[in-house]
Each structure stands twice: as structure tokens, then as C-alpha cells.
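Trainee: I would like to learn how to read helices and their packing. Where do we begin?

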Amino acid sequence: MVQLSAPATDAAALDLEEFRGELTGYCYRMLGSTFEADDAVQDTLVRAWQGRQRFEGRSSLRSWLYRIATNVCLDQLKGSERRARPMDLGPAREPILENAAILPEATWIEPIPDPADVAVDRETIRLALVAALQHLPPRQRAALILCEVLHWKASEVAELLETSVASVNSALQRARATLDKTDVSKTAAAPALDDADRELLGRYVQAFEAYDIEALTSLIHEDATQSMPPYDLWLSGRDDIFTWWFGPGIGCKGSRVLPAGTANGSPAFGQYKPSESGSGYDPWALQVVEIENGRIVEMTFFLGTETLFPLFGLPARLEA
């Protein structure tokens, strides 16, 4: 990766690369796509490098970069459809294969390895919140993220967006009202895993690999949900989830599951199904598992393994 820093002859050397991590978290929340966020950040840093002579130091380097990143994101969002999760597109349906249609990649919120800026505020990157943010008009989205996620002052956001403080406050009010309608709390707890949670996840991996329905029943909440992008079908309730697993999803029986760190503030795992060739295991899904009160309450199986497994450091396949 190219280090973007100004020549020593400049009045002040601009070390831009150190902002890549936090800018990625910002652009991801704006765009809902890991890979679009990476492109937006790269575009931001290139524009900043090319325009470094115009940086006059009247604002901080960080503010200047966020102004560029915001404009890049607003440009990308022009004319594009909002990204979503399957549950945003319609009600849960019967767990049969005929109900599972594949929609284009651009339809879906994508998972992201936790950016550096969510070390404390893990709830601000949750899949449900990122999806809810996509309901907001782009400038409202930027104002809300900057003020309530990144804790900028309204005056700072007004300067960045080239508007008034009153306009920023009005945008925030409208954005909060829209989020309230999505039933997603901006402050819902996403605590760090404790020993009990880690033990639960260990038992889940063992039970899933064994396809042990009795053990899985004790771990998964009866009202749990499951989705499987790029399929538009999502399942509500443990009974329907198990009907899928032991019906259309029976090919997952005998899978291997590897830890993959965290995605969107939640534990992530790489799932490998037994290969149809009879040798080894082929990549199938990145599982993102959400826990609440000692039970698994949501499972998202992202099936785009060709792009996601390298992102999470997972091997392309497993040998027998």
C-alpha cells in the first residue's frame, strides 16, 4: 500500500495514511459496503494528496479529510439504491427453497472486520444499525454519523457540510425520527464478550459441527432470526431455522467452523461445507452471530465467500 505523505519541502508534512482506519469506519457506515468504503477511502487519500498544496491549515487535517471523504461518499450515493438486510425487504417466510431468491450483491449490507474506531463504541457498527442508517438521506446520514457516532460538535459538522448549525440540528432531529421508525436503538448495548459468552460460542461451534439439534436448541433463542444474503429469504424463530437446517440446508451437516474474529461488533466464523468431491471442505458462509442474555438471537450467513474470506483472513478451503 502506498504511503501518502507530503515531501519534506512542504510547510507541513501530511501523513495521510494514519487516518485510513477511521475513515474506513466512517465510509462504511455511509455506504453499507466494505469494498465501496475501501474504494472511497482510497479516493479520499488520493484527492487529499493531489490537493495538499490547497490545504491551508485553517481546519485540522482530520476535518479536511472527513470533508473530502463525505463528498466522495455523497457522490457515490447519487442515484444508487440503499443497501439492506433481508428483513428490511419483507416479512419472514416459510423455510422452503422456493422462497429463496438470489438478489444482486449491490442489494445487501456487507460485513466488515471491526474498524479501529469501534474499540469502545461497538454498537455503532452493528449490522442492524448500519442497515437503519441507509434509510436516511445521505446528508442526514453524514450529520448523524459525525455527531452521534464520532461525537463531533454541531458547529464542526456545519462547517464540514457547508451549512448552518440550525440546519445540522434540524437534520439530526429528522434522522432520529426516521431511525425510531426502524425500531433500531442507537444506544443498544453491544458489550464485549465475557467468559460465559465465549464458552457459549465454543459450545455452538461444537454443536453446529456435530449438527446436534438438542445442544443447538439449548443455545439458540426460540425467537432467533437467520438470514443468508444474497438470498432474500429470512427465517424467524428457532423452529423455522431448524426446519431449514434439516431440510434445504442439510448440506451444511458435517461442516467445519473456524473463528474469524469479529464483524460489526459480533463474533464471526468461517463455515466450510463437506466438498461434493468427497475430499476436504469448501467455503460456504461467513457466520456473524449475535448474543443477548446468554442465548444466540441472530445469525447472518453471508455466502459471498470469494470476497469475504480473504477479508477475514480465512483459508480458501480446508483439507480433510
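Mentor: With a definition. A helix here is a DSSP run of H or I, at least four residues long. Keep in mind that this is a predicted model.

Trainee: What follows H7?
Mentor: Glu 162 does, and its phi is positive, near 55 degrees.

Trainee: Which residues of helix H7 are buried?
Mentor: Buried means under 20% relative accessible area. In H7, residues 154-161, that covers Ala 154, Val 157, Ala 158, Leu 160 and Leu 161.

Trainee: What covers the buried residues of H7?
Mentor: The cover includes helices H3 (61-77), H6 (138-149) and H8 (165-181).

Trainee: At what angle do H3 and H7 pack?
Mentor: About 55 degrees, with the axes 9 Å apart. Angles from 65 to 115 degrees would count as roughly perpendicular, and those under 35 as roughly parallel. H3 is therefore oblique to H7. The crossing is right-handed. H3 brings Ser 63, Tyr 66, Arg 67 and Thr 70 to the contact, and H7 brings Glu 159, Leu 160 and Leu 161. By type, the residues of this contact are three nonpolar, two polar and two charged.

Trainee: Now Phe 242. Is that residue buried or exposed?
Mentor: Phe 242 has 8% relative accessibility, so it counts as buried. Phe 242 sits in helix H11, residues 238-245.

Trainee: Which residues does Phe 242 touch?
Mentor: Leaving out residues up to four places away in sequence, Phe 242 touches Ile 213, Leu 216, Thr 217 and Ile 220. Also look at Pro 95: its C-alpha is 9.1 Å from that of Phe 242, though 147 residues separate them along the chain.

How values were computed. Residues numbered from 1 in each chain as written. Predicted model: local features only at pLDDT ≥ 70, side-chain atom pairs only at ≥ 80, totals over all residues. Heavy atoms only, no water. Helix = DSSP H or I, 4+ residues; strand = E, 2+ residues; numbered from the N terminus. Buried < 20%, exposed > 50% of the residue type's maximum accessible area, 1.4 Å probe, protein only. Contact = heavy atoms within 4.5 Å. Axes fitted to C-alpha atoms, helices over the stretch in contact; angles between N-to-C directions. Parallel < 35°, antiparallel > 145°, perpendicular 65-115°, else oblique. Left-handed = near helix turned anticlockwise from the far one by under 90°. Nonpolar A, V, L, I, M, F, W, Y, C, P; charged D, E, K, R; others polar.
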